[in-house]
Amino acid sequence: MNATLVPPAAAPRPVADRTAVGEHLVLPLFRSLSGSLAGHPYLKVVVDRAEDTWHLLDTAVHPFHVDYIATRVLGMEPAELDSCLDAFNASVYMAPDRRFLLGVLSLHTDRDTRGRPRPFLVLETTEADTMDGSLLEEFYTFVRHRLDGRLSLLLKPANHGQEHALAAISDVRVPRILSHELFGHRTRTPLNPGEAAGRLRHFRTTEEYAAVAGTLGGSDILAMPCLPDDVPRVAGFINTATTTPLSHTNVLAAGWGIPNAIVRDLDRLIKAESLDGGWVRYRVTEDDISLVPLAPTAVPAAAPARHRQPIRLRTPLLDDITARPLHRLRLADQNRYGTKAANLGELHHVLNARTADLTAFHGKPRPPRPDLYRHLAARLGTPHPAAHGELRTAAADFVAGTVSVPDGIALPFGLQHRFLRSSPALRQGIRQLKAALDHGAPEAVERLCLRLQQLVRTTALPDEVAREILRALPTGPAAGRRLVVRSSANAEDLPGFSAAGVYTSVTSVYGADHLLDAVREVWASLLSPRSVRLRHQAGISLDDTYMGVIVQPYLPAALGGVLVTCNPTRRSDFRNVCLNCSPGSPEAVVDGTAPPLQYLYNTVEGGGRTVALGASGTDLPAATRERLADLALAGRLLQSHFSAPDVDRPLDIEWLMTDQGAFHLVQIRPYAR
């Protein structure tokens, strides 16, 4: 392929080819040619090393570097490029002797010591580019010499490999900025795309919010620094402080299909436009966030009707009260033990049997590519094309060698059902709650839920129920170990209804009495005011909802977090998955105790990049980041099985890493798109 990279006789002139492009020329070019990347204007750059020239592309006409090079510089036909796209990409992004250096030049603004705006430029390659240190320095130097020296230019490594390659090069010769430094504290960040018209309700403190939380509803757009996990269903979310796209509230936003974004300058916008308490149109896309006041004539007379996706629950089977080991469950056991337990049982089967096809995601056509098998083979170290079944075997072996799932015991719905039937007070309270829901009496619903929860916590267990629960206690040398007790309802971990953060887990359980109390605490969470309200809004009847329970040994974790097998802020991106983590257990990430480290990992060409450092302030060691890349690919491969037949439907996976570096998956469920 490299030998064919010769310009035709009539190659077009570059869009810009100057020995110096000063601020007076660069800024007009951005206005006329740029697109928008993460809210910042940018130009695509092609450096032709053979011709010692560069091309600045009009992004509206040439959205892809390789299309421009192939058709405009090399004179290829589009069909010819499509037929060899992967090989062509390798020649321009990975070949050490490449002719072209490709990247993006983006325009940013900071403030000088007097507070005046000061523009600066950032140069970076594409995320899959494997430029070594010498090529990165050459790329930077070539562009630097063609810009006025008064305009600052910084190189941003596009992945962890480039960060490592630049470590040996002086930052005086190649000034640089890391991704988390550039974007980690940016003013506005899309989290979940969508559009809504509603009344803007801005709360600067949790006390302000709590005072009126009961009055919020479907016509409100809620803005505050940190949205609470028990937030009611509203028209849209705005975070006025930095958060992560994997927060519970963004998972809710994705499930509800409502816009969500970080807007750190909301106070300024409110003051400039007099927005607080007024009606606005709120729109979030992958590259833009807008809040536009609505004219009085455009304000809807009532909250717009929401399209409600039907949530279908399998008929719960309540006759069986037998506790079973997780590894004996399969997906079909959802109607006895709950979706969470059934998913973990299925994961045991996938890892042990190694017969599932974990290549289906990579086998789906990604036009103009017929599939991504070539890339998967490269990641797994197998030949391409491979013998029949060889790639599937390699994928199954890779996943089984990368992750495991803790064993445990699953308690079925039948135990909770038997317990509820044993108490006349509980049966009467549930009848009263159903009546309050039918009559739309929110204050009565709240009161009855709290009373029922207390009854569940304090009502004695029938002997047969207590005996079956206590079968989950470890015996022998493992007796007395710390346990974790988790929910496994039939109304969670479902497409369109994740219930993230809604039900209770008890993470420090010792002994028989504590286990019985913990199980009742998990059962009680099925009747919390919030869980009852959310299910009722989704059309899920109280009569149809039951709670199973998972009991597992506690595993001490050096690192834990959440992996979502998509890029939550750019849904069209089929390459990257998002991974958040913090020292210790996954709960620190799940409950938002502290801002986590955030990464994106490319599961097609490979590589990863750090998005934010979170509360730690420092990045993880390179060796740990490489291990996280394996975890990311394992999650993507599992998506092929757990999301079938729609293999593009992403997964939400909670995981932990032990001190020995072993990965354990503790939850796997659909992630709303």
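Residues are called buried when their relative accessible area is under 20%, exposed when it is over 50%, and partly exposed in between, using a 1.4 Å probe and protein chains only. This is a predicted model, in which local features need pLDDT of at least 70, side-chain atom pairs count only at pLDDT 80 or more, and totals for chains, interfaces and linings use all residues. Residues are numbered from 1 along each chain as its sequence is written, and side-chain values use heavy atoms, with hydrogens and water left out.

**View 1. Lys 364 and Asp 648 form a salt bridge.** Lys 364 is partly exposed, with a relative accessible area of 31%, while Asp 648 counts as buried at 17%. A salt bridge here is a side-chain nitrogen of Lys or Arg within 4 Å of a carboxyl oxygen of Asp or Glu. In this pair the closest N and O atoms are 2.6 Å apart. The link joins distant parts of the chain, 284 residues apart: Lys 364 sits in the loop between α13 (360-363) and α14 (373-380), and Asp 648 in the loop between α23 (622-642) and β24 (651-657). The helix and strand names come from DSSP runs, numbered from the N terminus: helices are H or I runs of at least four residues, and strands are E runs of at least two.

**View 2. Asp 220 forms a salt bridge with Arg 199.** The closest N and O atoms of this pair are 3.9 Å apart. Asp 220 belongs to strand β9 (residues 220-224) and Arg 199 to strand β8 (residues 194-202), so the pair ties together parts that are 21 residues apart in sequence. Asp 220 is buried, with 3% relative accessibility, whereas Arg 199 is partly exposed at 29%.

**View 3. Asp 267 and Arg 204 form a salt bridge.** Their closest N and O atoms are 3.0 Å apart. Here too the pair links distant parts of the chain, with Asp 267 in helix α10 (residues 266-273) and Arg 204 in the loop between β8 and α8, 63 residues apart. Both partners are partly exposed: Asp 267 has a relative accessible area of 43%, and Arg 204 has 40%.

**View 4. Asp 319, Asp 320, Arg 324 and Arg 336 make up a network of salt bridges.**

**View 5. Strand β19 (residues 547-553) is largely enclosed by the rest of the structure.** Why is β19 described as largely enclosed? Six of its seven residues are buried, so the rest of the structure largely surrounds the strand. Two strands count as paired if DSSP finds at least two bridges between them. Strand β16 (residues 409-411) runs antiparallel to β19 and is joined to it by three bridges; Ile 409 stands opposite Val 551 in β19. Strand β17 (residues 483-489) is also antiparallel to β19, with seven bridges between them, and Ser 488 stands opposite Gly 548 in β19.

**View 6. The second largest pocket has a volume of about 650 Å³.** Of the 22 residues that line this pocket, Gly 214, Pro 232, Pro 442, Glu 446 and Arg 533 are the closest to its centre. On a 1 Å grid over the protein atoms alone, a pocket is an open set of points with protein on both sides within 12 Å along at least five of seven lines, whereas a cavity is a set where a 1.4 Å probe fits but cannot get out; lining residues have an atom within 4 Å of a point. Points are joined across faces, edges and corners, and a volume is the space filled by probe spheres set on them. Helices α8 (206-212), α17 (424-438), α18 (442-458) and α21 (529-537) each supply at least two lining residues, and α21 gives the most, with five.

**View 7. The largest cavity holds about 80 Å³ of space.** Among its 11 lining residues, the closest to the centre are Leu 246, His 248, Val 562, Asp 652 and Arg 669. The elements α9 (248-256), β20 (559-564) and β24 each give two or more residues to this lining. The structure holds two cavities of 30 Å³ or more.
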